[in-house]
Each structure stands twice: as C-alpha cells, then as structure tokens.
Amino acid sequence: MFNEQNIQQDSSSWIFFVKLCFAISVGALGFGIFMLPVDIWMKGYLMMGSLFTVGSTITMSKTLRDQHEAQKLIHKISNAKTEKILKEFEMNGAQ
C-alpha cells in the first residue's frame, strides 16, 4: 500500500541550485578567509571554525529532517489505528 503521490520530490533543477549555492557560499567564505590580511594561524583558526559550523549545520538539518519524518510516520500509524477502531465501532454499532 505504498502511495507515491503523497511523497514530495524536489526537481533536479532545484537540487542543482541548492548544491550550487552551497558550493558558492562555502567557496566564497574560504576565499574571504584566504584574502584576509592576517597571519596564517588566524586564517587557519577561522577556516577550522567555519568548517565546524558548516558540518554542524548539515548534521543539525539532517537530524531535524529525520525527526520530522519519524513524527510523520508515528502520526500515520496513529491515524490508521484510530480509523480501525472507528470502523470496528461502527460495525459493532450497526449490529
């Protein structure tokens, strides 16, 4: 009973746009840090902090998405159980 119509799928052009924007933003950040008129150890510190921030953001967005997907599944199961109980009640009430 898998229904593909209820699944939201992004277009390939949107996925390309998102990946391109991510690559440009990370590249611009790295270039900006590289061009700063500071010592190399400061650039390294800023780059390390930036990479940690990007990695943490990706991890957080994946975790929130997984949590949302799990809640959707839990609600779907709960709704199915409720419908089953209501159908049984209606069948028993009709007799």
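1. Which helix holds lysine 43? Lysine 43 is found in helix H2, which covers residues 40-94. Note that this is a predicted model.

2. Lysine 43 is buried, yet it has no salt bridge. Aspartate 39 is the nearest side chain of opposite charge, and it is 8.3 Å away.

3. What does lysine 43 have around it instead? Its charged end sits over the ring of phenylalanine 34. The distance to the ring centre is 5.4 Å. A polar atom of the lysine 43 side chain also lies 3.3 Å from the backbone oxygen of leucine 36.

4. The contact list for lysine 43 includes both of those residues. Neighbours within four places in sequence are left aside here. Lysine 43 is then in contact with Ile33, Phe34, Leu36 and Val38.

5. Now the aromatic rings. How many aromatic pairs does a search of the whole structure find? The search finds one. Tryptophan 14 and phenylalanine 17 form this pair, and it is tilted. The ring centres are 5.6 Å apart, with 35° between the planes. An angle under 30 degrees would count as stacked and one over 60 as edge-to-face, so the pair falls in the tilted class.

6. Both partners of the pair lie in helix H1, residues 12-35. Tryptophan 14 and phenylalanine 17 are three residues apart, about one turn of the helix.

Notes
Residues numbered from 1 in each chain as written. Predicted model: local features only at pLDDT ≥ 70, side-chain atom pairs only at ≥ 80, totals over all residues. Heavy atoms only, no water. Phe/Tyr/Trp six-rings, centres within 6.5 Å; stacked < 30°, edge-to-face > 60°. Helix = DSSP H or I, 4+ residues; strand = E, 2+ residues; numbered from the N terminus. Lys NZ or Arg CZ within 6 Å of the ring centre and 35° of its normal. Buried < 20%, exposed > 50% of the residue type's maximum accessible area, 1.4 Å probe, protein only. Lys, Arg positive; Asp, Glu negative; His and termini not counted. Salt bridge = Lys/Arg side-chain N within 4 Å of Asp/Glu carboxyl O. Polar contact = N/O pair within 3.5 Å; in protein donor to acceptor, adjacent residues only side chain to side chain. Contact = heavy atoms within 4.5 Å.
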